[in-house]
Amino acid sequence: MSKKLLLKDAHVEGIRYFETYRKQGGYGAAEKALKMTAEEILEEVKASGLRGRGGAGFPTGMKWSFLAKPEGVPRHLVVNADESEPGTFKDRYLMEFLPHLLIEGMLISSFVLGSNVSYIYIRGEYSWIPDILEEAIEEAKAAGFLGKNILGTGFDCEIYVQRGGGAYICGEETALLESLEGKRGNPRLKPPFPAVKGLWERPTVVNNVESIAAIVPIIDITGAEYAKIGVGRSTGTKLISACGNINKPGVYEIDMTITVEEFIYSDEYCGGIPNGKKLKACIPGGSSVPIVPANLLLKTVNGEPRYMNYESLADGGFATGTMMGSGGFIVLDEDQCIVEHTMTLARFYNHESCGQCTPCREGTGWMYKILKKIEKGEGKMEDIDLLWDIQRKIEGNTICPLGDAAAWPVAAAIRHFRDEFEWHIKNPELSQTQNYGLANYADPIPAAASN
Amino acid sequence: MSETIAFKPESLEQVHKIMARYPEGRQKSALLPVLHIAQKEFGGWLDVPVMDYVAELLSIKPIEVYEVATFYTMFNMKPVGKYVLEVCRTGPCMVCGSEKILDHIRTKLNIKDGQTTEDGMFTLKPAECLGACGYAPMLQLGKFFHENLTIEKVDEILDLCREGQIDLG
């Protein structure tokens, strides 16, 4: 069983409220941290090896150390709660059920960064969660953990919640800052990076909800102890939001030492695939990371078991492996049509493109139209190569990573499931009514993964 | 600006409270939260006089409000029904049968995507990922999510709407 750090008290009734959270030892890490210096806390975070949990996996301690500290200029912490990546719903769980964990993490982080006013930017559609967060903020303030002169340390900190308006692009940190400034969520060119010129051109750190929540156990148990959990550079625990064709969808906390096969099939986690169906493919890190067929998902390129951690999932790079990403784990069974699935993702990225860069604005729409045509049985064989060409021209050619996020699912689908695209084109009359079965694939699904 | 457009006193108080969250001269940051309040208070959509009113409140130009309001999908730029059914259809929701849910609503209400029923009761809005992937298929109605949908559950929700029993928050 994986060690629980973030969700250890998630089952406690009333944990959403200050009194219960406090009884469970809540705000103990904050009390401990506020007796330390900012530099000491930063060293603990660095020692923990915590990598940003939003998807990019950049070391949090290092990111914090980049923050500029010009004399007399306010600095800000902004929590990125614009969770909009298909397959990812872990931050929602944290905010909904453990709001004080986030608030406590923000207090400690704000102290380190010298942020007296910090913001939570939350996706607009999570419209009931700001009420939960604001209630928690008021409770923390009433107990002296927010506001003026916190715990007599002389440190002041206010936290405010800002609702977005339903734009995926606002999960990109500079687009988020634009949105927080009351503008369209158009990403900014970097440099300057937010650590130098962020919110209102002030030095700003933007961190994911889970990353900030993880600061609490790091201070509780020390960075060194946190680093002992997990494996290699995948330290600590990771929240995985599992969905699709599995018996037990939900949010799981893992210590990154379990295999992918164990995660999908064991009763402790996803509980296998409904109705005894076979595993066809999986997107293990949110919709933007490359889809992988079952055989490559469960084994590395060397034929060893693949583990649920950053390094193992990325084994072999994009050509064969995939990525941990945000931990949005989407499982597809043998009945799923890869072309249709890819088409819905292309539609998503087309819809969510801010339109600022031509390759993304035009390319995402073009890919969606072609995929729709192929899915309807109206495609031509040369459309597959055209799709490949378009995604290549989007990747790496845009201001922000949305272009890459739109290109990778299409590239991986063609790379691993080209036969299925060809089948749709060769069998237009069957395209809408039948599925390209698993038996057609050259690589058999490993017996261990079969029910 | 239309003379008749004004927030209720309690909403105006909320607006001023929101504006105070940002540094002096940065009141434009309050735009998204204020637009949410405006949309809720003025009939579920943002027409030009409402956006002009918001611009005046925040001391910004009307164009700054228009360009933001049209960028974000949560703001409606034309009238909508009393109940806006936002059905997620991306990736995991598609895998779990969102298209069947959408088809059922289209047929039952005799409307296409984006349309409103003749009685002004329902608008159907397919949505791209609402963050309920583990509880799919789902739809958002007002402030709340309705998850793990079945055709029967959708029928029940529509009936409750007609009876005025659904909480929009």
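Reader: What makes Cys93(B) buried?

Author: Its relative accessible area is 2%. Buried means under 20%, exposed over 50%, and partly exposed in between, with a 1.4 Å probe and protein chains only. So Cys93(B), at 2%, is called buried. This is a predicted model: local features need pLDDT of at least 70, side-chain atom pairs count only at pLDDT 80 or more, and totals for chains, interfaces and linings use all residues. Residues are numbered from 1 along each chain as its sequence is written, chains are lettered from A and ligands numbered from 1 in the order in which they are written, and side-chain values use heavy atoms, with hydrogens and water left out.

Reader: Where is Cys93(B) found, and what does Cys93(B) touch?

Author: Cys93(B) sits in helix H5 (residues 91-95) of chain B. Helices (H or I, at least four residues) and strands (E, at least two) are DSSP runs, numbered from the N terminus. Leaving aside residues up to four places away in sequence, Cys93(B) touches Cys88(B), Ser98(B), Ala136(B), Pro137(B) and Met138(B). Contact means heavy atoms within 4.5 Å.

Reader: Which residues does UniProt place in the feature "binding site"?

Author: The unreviewed entry gives Cys88(B), Cys93(B), Cys129(B) and Cys133(B). UniProt positions follow the numbering used here, feature names are shortened, and annotations may be inferred rather than shown by experiment.

Reader: Is Cys133(B) buried or exposed?

Author: Cys133(B) has 4% relative accessibility and counts as buried. Its place is the loop between strand E2 (122-127) and strand E3 (139-141) of chain B. Among the residues that Cys133(B) touches are Phe89(A), Cys243(A) and Pro92(B).

Reader: Why is the pair Glu173(A) and Lys63(A) called a salt bridge?

Author: A salt bridge is a side-chain nitrogen of Lys or Arg within 4 Å of a carboxyl oxygen of Asp or Glu. The closest N and O atoms of Glu173(A) and Lys63(A) are 3.8 Å apart, so the pair qualifies. Glu173(A) lies in helix H8 (residues 173-180) of chain A and Lys63(A) in helix H4 (residues 60-65) of chain A, so the pair ties together parts 110 residues apart in sequence.
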